[in-house]
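Please consult the sequence and the model while reading.

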Amino acid sequence: MSNDLSSRSLLITVVEVASLIILNVLSLVGNTLILISAYTNKRLRTATNLYIIALALSDLISALIVMPLSAGVLISGKWIYGDAICQLHAFFSMFAIYVSSVTMGLTAVNRYTRMCKSDKQYKKWFSMKKSRTLMVFVWVFVACYIGIPRLLGLQRYDFVPGFGQCSLKHLSEFGKKIHYAIVIPLFFLIPLTATIFCYAKVAKMIRQHNTSASATLERRSSTRVTIRRQFSQRSKFSAHEIKLSKSLFAVVFAFMICWIPFWIIVFLRRFLLVSKMPRNVELLCMFLFYLCNTINPFIYAGMNPAFRREFRKILLCKRWRQLAVQSASTKGRLTRTEDSQEVVLNSQNSVSLLRLHWVTTPNVNSPTNRSYRMRHVEFGPSTSETSC
């Protein structure tokens with residue numbers, strides 16, 4: 001297939017443009033939801049979530065600048081924006097690629113330290129202040145690494161039809177070798193190794209914890225009811241372990257499925273098959289990068305229950321109603337209905353709504369052989385929803 005975009009058939013053009021627009025919209029929506037969630041909910045602004053927020057911000061830059069311009073190129077079949085926009089497009093494209101991979105590696109190290117090390121060590125290395133400083137350093141370092149050689153005239157940005165965007169053009173073979181000798185280890189091999197190693201350690205630690213907890217519960221068993229409750233607890237551990245293992249596997253799998261082929265194609269194009277690389281393979285390279293920008297919000301934040309709740313509130317434009325309660329200033333009484341699982345607190349002077357989430361557990365000492373443990377309590381209005 002020729003590198004000339006004008007040689008494409010109408011079907012290929014439609015497929016390429018439609019695919020990129022879909023990825024662009026999903027990336028824009030997903031990463032915007034993460035940033036809005038962090039802005040509206042202060043509880044999400046933790047040291048761990050800071051890396052997710054930084055990753056969303058870098059992906060959003062790609063969704064706002066890189067992907068729309070590339071879509072215009074695929075539609076028109078050529079670069080139509082001028083040289084100044086080409087320089088901007090190439091810079092932000094490389095910036096998003098490098099920052100995303102480094103942030104993924106730092107996220108893995110953060111979670112490893114949180115799960116496998118002591119709280120003292122975690123606070124020492126990943127306090128909010130240090131995490132912010134680290135992310136600022138990464139962004140400044142990447143920006144300088146990309147921009148300074150270009151400003152010194154050591155590199156150039158040109159439109160590459162195979163990629164469908166502007167990219168780096170090396171002015172010498174020696175400079176190209178030096179560039180990739182730095183880029184491939186620093187922005188690919190080290191983040192990939194850190195991600196696989198850290199998540200493997202986290203998964204191992206969780207398995208050991210669950211095994212130890214289950215063994216402790218078994219040793220404490222004395223009655224039939226207690227044994228039944230232990231088996232229930234063990235099943236919860238197993239379900240939790242499976243769910244968390246899947247999420248960790250999704251992180252590693254997405255990293256590998258997107259970035260390994262991406263860097264292999266880049267390496268082959270730059271060093272081995274410059275004149276033989278088909279255009280559709282080159283374009284696949286960039287689509288893998290766009291795919292990574294799109295799925296990051298769903299992997300890193302979509303599997304986080306706190307982020308998911310914020311996503312629902314934003315998308316549905318309302319607050320989830322809690323259980324009904326009517327409360328008073330001085331006197332009141334609590335009643336519970338089996339069907340609605342509501343607790344109503346009545347008073348002579350005022351009425352408000354309270355919703356309690358209950359967990360039913362066996363209780364041999366209870367006359368009804370049932371007891372109720374309150375998981376959490378939330379207050380709210382009795383008949384209306386809080387809308388955005």
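Q: Where is the place of Asn41?
A: This is a predicted model, in which local features need pLDDT of at least 70, side-chain atom pairs count only at pLDDT 80 or more, and totals for chains, interfaces and linings use all residues. Residues are numbered from 1 along each chain as its sequence is written, and side-chain values use heavy atoms, with hydrogens and water left out. Helices (H or I, at least four residues) and strands (E, at least two) are DSSP runs numbered from the N terminus. On that basis, Asn41 is placed in the loop between α1 and α2 (47–76).

Q: Does Asn41 count as buried or exposed, and why?
A: Buried means under 20% relative accessible area, exposed over 50%, and partly exposed in between (1.4 Å probe, protein chains only). The C-alpha atom of Asn41 is separated by 9.4 Å from that of Phe307, 266 residues apart along the chain. Because its relative accessibility is 19%, Asn41 counts as buried.

Q: How many helices and strands does the chain have?
A: The chain has 388 residues, of which 42% count as buried. Contact means heavy atoms within 4.5 Å; among contacts between residues at least 6 apart in sequence, 68% join residues at least 24 apart. As for secondary structure, the count is nine helices and six strands.

Q: Which residues touch the most other members of the largest nonpolar core?
A: A nonpolar core is a set of buried Ala, Val, Leu, Ile, Met, Phe, Trp, Tyr and Cys residues joined through side-chain atoms within 4.5 Å. The largest such core has 81 residues, and its largest share, 15 residues, comes from helix α3 (residues 83–116). The members that touch the most others are Tyr98, Trp259, Phe262 and Trp263.

Q: With which residues is Trp263 in contact, leaving aside its neighbours within four places in sequence?
A: Trp263 is one of the core residues that touch the most other members. Once neighbours within four places in sequence are set aside, the contacts of Trp263 are Ile97, Tyr98, Val183, Ile184, Phe187 and Phe188.

Q: At what angle do the axes of α3 and helix α8 cross?
A: Axes are lines fitted to C-alpha atoms, for helices over the stretch in contact, and angles run from 0 to 180 degrees between N-to-C directions. Helix α8 spans residues 279–301, and its axis comes within 11 Å of that of α3. The two axes cross at roughly 35 degrees.

Q: Which residues make the contact of α3 with α8?
A: By class, this contact has seven nonpolar, five polar and one charged residues. Here Ala, Val, Leu, Ile, Met, Phe, Trp, Tyr, Cys and Pro count as nonpolar, Asp, Glu, Lys and Arg as charged, and the others, Gly among them, as polar. The residues are Ser93, Ala96, Ile97, Ser100, Met104, Thr107 and Arg111 of α3, and Met286, Phe289, Cys292, Asn293, Asn296 and Tyr300 of α8.

Q: Which residues does Thr107 touch, not counting those up to four places away in sequence?
A: Thr107 lies in helix α3. Its relative accessibility is 1%, and therefore Thr107 counts as buried. Beyond the residues up to four places away in sequence, Thr107 touches Tyr51, Tyr199 and Tyr300.

Q: What separates the C-alpha atoms of Ser62 and Ser27?
A: Ser62 has its place in helix α2 and is buried because its relative accessible area is 0%. Leaving aside neighbours within four places in sequence, Ser62 is in contact with Met67, Pro68, Ala96, Phe289 and Asn293. Ser62 and Ser27 are 35 residues apart along the chain, and their C-alpha atoms are separated by 8.7 Å.

Q: With which residues is Asn24 in contact, leaving aside its neighbours within four places in sequence?
A: Asn24 is placed in helix α1 (residues 10–40). With a relative accessible area of 11%, Asn24 is buried. Apart from neighbours within four places in sequence, the contacts of Asn24 are Ala63, Met67 and Pro68.

Q: Is Phe197 buried or partly exposed, and why?
A: Phe197 is found in helix α6 (residues 173–219). Phe197 and Val109 are 88 residues apart in sequence and 8.9 Å apart in space, C-alpha to C-alpha. Because the relative accessible area of Phe197 is 44%, this residue is partly exposed.
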